[in-house]
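This briefing covers selected local features, grouped by topic. Please read it alongside the sequence and coordinates.

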Amino acid sequence: MTNASYGREYDVIVVGAGHAGCEAALAAARMGCATLLLNLSLDAVAQMSCNPAIGGLAKGHLVREIDALGGEMALNIDATGIQFRTLNTKKGPAVQALRAQADRYEYSRRMKQVLENFPLLDLKQGSVEKLVVEKDRIAGVVTRDGVCFSGRAVVLTTGTFMHGLIHVGLNHYSGGRAGEPPSVGLSEQLRSYGLTVGRLKTGTPPRLYAGSIDFSKTEEQPGDVPARPFSFMTNQISQKQVSCFITATNERTHDEIRAGLDRSPLYSGVIEGIGPRYCPSIEDKVVRFPEKTTHQVFLEPESLHTAEIYPNGLPTSLPADVQLRFLRTIPGLENAEIMRPGYAIEYDYVDPVQLRSSLETRAIQGLFHAGQINGTSGYEEAGAQGLIAGINAVQYVRNEQPLIIGRDQGYTGVLIDDLVSLGTKEPYRMFTSRAEYRLLLREDNADQRLTALGRELGLVDDRRWQLFEKKMNDRAQAETLLNEVRVSPSDRALVAGLGMGEMKNGQSLAELLKRPDITAADLIREVENLRDVSPDILEQLQVEIKYDGYIQRQIEQVAKSKKLEGVKIPDDFDYDIASGLSSEVREKLKRVNPETLGQAGRIPGVTPAALAILGILLRGRK
């Protein structure tokens, strides 16, 4: 087949319009580059293939960071979310997180509208089957239709489409998502350039007809009032909000699942890919945790415009008839009707240890990977990678230094560093426990950490920057108030209102906030000067005051780690001549090819002693 040139060269081509692809394409266009976004179907932009929700534990931090850098995900969910809830409210501020149920159709529709109307960005339908590579440097892509698009950088965000195989019971068929064809050809070409391609699995629950569910037998779970938005740009959530509902499996459910295991592709050896450890199928839960007699199920509406309900907690690849039987043992679902059966999907991914910290492949210059192709799961993980890949594709085109977010700067940095330093053999999911500096990386201060960076890159527009500057000015004024306004023992009404009993010496409001029994809400109620201050700003200052000792300790740890991060390791460093290193350590270092001494230290098996030897060898090269 002869390939026909489209007749135009793009700066950046993004393959796949999922959550990673949308952020990558918008970032490149915002930075002033001619950008092409190609997707298998223009009716499937920013699809929520699985759970129609954004955010959650640690994932909410990623959404806030995408927003702080000038990305779109937070704005999109704020405009289309139908329930917002803050999770972990009884725990410390570092691990609290926002989660929003999305109207999945509106989420996709709005994102497509943003893409279609964005300057310098072309959105086109096409299945990419081949990369154009010239002397190990990317030069474009070729679609199934034989059209060649020239590009100076390419971002692959293939999701679950590379050699996608869908399983429902022992039946299976090719597909990147239910009802959509897979992508073929790319895996083989990537292998031909020496990239290691593996196989992973994920799954999704059946979708249920709302009219067949008896919600009176379930527990209602309303959202927060008022709803708290994700974006630092959003003042309030205006669209209609709805409730979710909670039910649970029982022993009868588990018996039905066990009875159907002989027809499970997961337990009959049909599925080869490794599934997500932290979001297993319901049959996997029943087999692996036989002592658990019940598992929670969250009944979540998919949209205000459909009767489909998403039973969160029940991903499965069991046959449709088995799905129906076990569903009907669950309270409220006795008469449930399945609108779409659940299924598992296997797909190809590329071991991310073969990437630089910029998300550029080492094998092909100008080729970047983001999202599930890197072995991650989740819309938020994909969006964060897509944003960084899009930024660095532009930096590559301009021959400028890539943007590397440090582990002390954001969960985005933790995510990418984990991938390129450790690789993954199973779908990677972000957790707060992965971030060693999580008290510094809270949701509330994402803009303080990253918005100035976004402004330097051209991602943050004037309106966002003005809002950020106003917030920082307001914050400085509030901080001054807390430090300068003092409460004396003679202020009896105020002392009594704060419930402090007898007070011997005067204290500033900031000093009072250090007390475990006094909160920012108490001060707002009793101190008139604070009533005009934003509650969000006061809550942020409260965290910093109450946790000051812990925060300072983490800042000191960051300063120590930066010394190692500042020691660069050349690409051509020969580990074989490092006689002081064991053969095992040498092999680990050669596999990852770390970019800094700090990254080398995070590779499992690279001991402090090995790190010290490596440091001496690097100093000897200067």
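In this predicted model, Ile-54 stands opposite Ala-100, a residue of strand 5. The pairing behind this is antiparallel: strand 3 and strand 5 (residues 97-102) are joined over three bridges. Strands of a sheet pair through backbone hydrogen bonds, in either the parallel or the antiparallel sense.

- Three strands in the order 3-5-4 make up an open sheet with antiparallel pairing.
- Its edges are strand 3 (53-55) and strand 4 (81-87), each of which pairs on one side only.
- On average, neighbouring strands of this sheet are turned by 20° against each other, with direction ignored.

**Helices on that sheet**

- Helix 2 (residues 59-68) lies across strand 3 and strand 5, and runs at about 80° to strand 3.
- Helix 3 (residues 73-80) also packs on the sheet, where it touches strand 3, strand 4 and strand 5.
- The direction of helix 3 makes about 115° with that of strand 4.

**Strand 2 and its parallel partners**

- Strand 2 pairs in the parallel sense with strand 1 (residues 4-15), over four bridges.
- Within that pairing, Val-14 has Leu-37 of strand 2 as its bridge partner.
- Strand 2 also runs parallel to strand 6 (residues 121-125), and five bridges join the two.
- Here the bridge partner of Leu-36 is Asp-122 in strand 6.

**Burial of strand 2**

- How many of the five residues of strand 2 (residues 35-39) are buried? Five of the five are, so strand 2 is largely enclosed by the rest of the structure.
- Both faces of strand 2 are covered. Thr-35, Leu-37 and Asn-39 are buried on one side, and Leu-36 and Leu-38 are buried on the other.

**Gln-540 in helix 16**

- Gln-540 is located in helix 16, which spans residues 535-546.
- Is Gln-540 buried or exposed? Gln-540 counts as buried because its relative accessibility is 2%, and the cut-off for buried is under 20%.
- The side chains of Gln-540 and Gln-448 are joined by a polar contact of 2.8 Å.
- Leaving out residues up to four places away in sequence, Gln-540 touches Arg-442, Asp-444, Asn-445, Gln-448, Lys-471 and Arg-475.

Notes. Residues are numbered from 1 along each chain as its sequence is written. This is a predicted model: local features need pLDDT of at least 70, side-chain atom pairs count only at pLDDT 80 or more; totals for chains, interfaces and linings use all residues. Side-chain values use heavy atoms; hydrogens and water are left out. Buried means under 20% relative accessible area, exposed over 50%, partly exposed in between (1.4 Å probe, protein chains only). A polar contact is a pair of N or O atoms within 3.5 Å; within protein, one must be able to donate a hydrogen and the other to accept it, and residues adjacent in sequence count only if both atoms are side-chain atoms. Contact means heavy atoms within 4.5 Å. Two strands pair if DSSP finds at least two bridges between them. Axes are lines fitted to C-alpha atoms, for helices over the stretch in contact, and angles run from 0 to 180 degrees between N-to-C directions.
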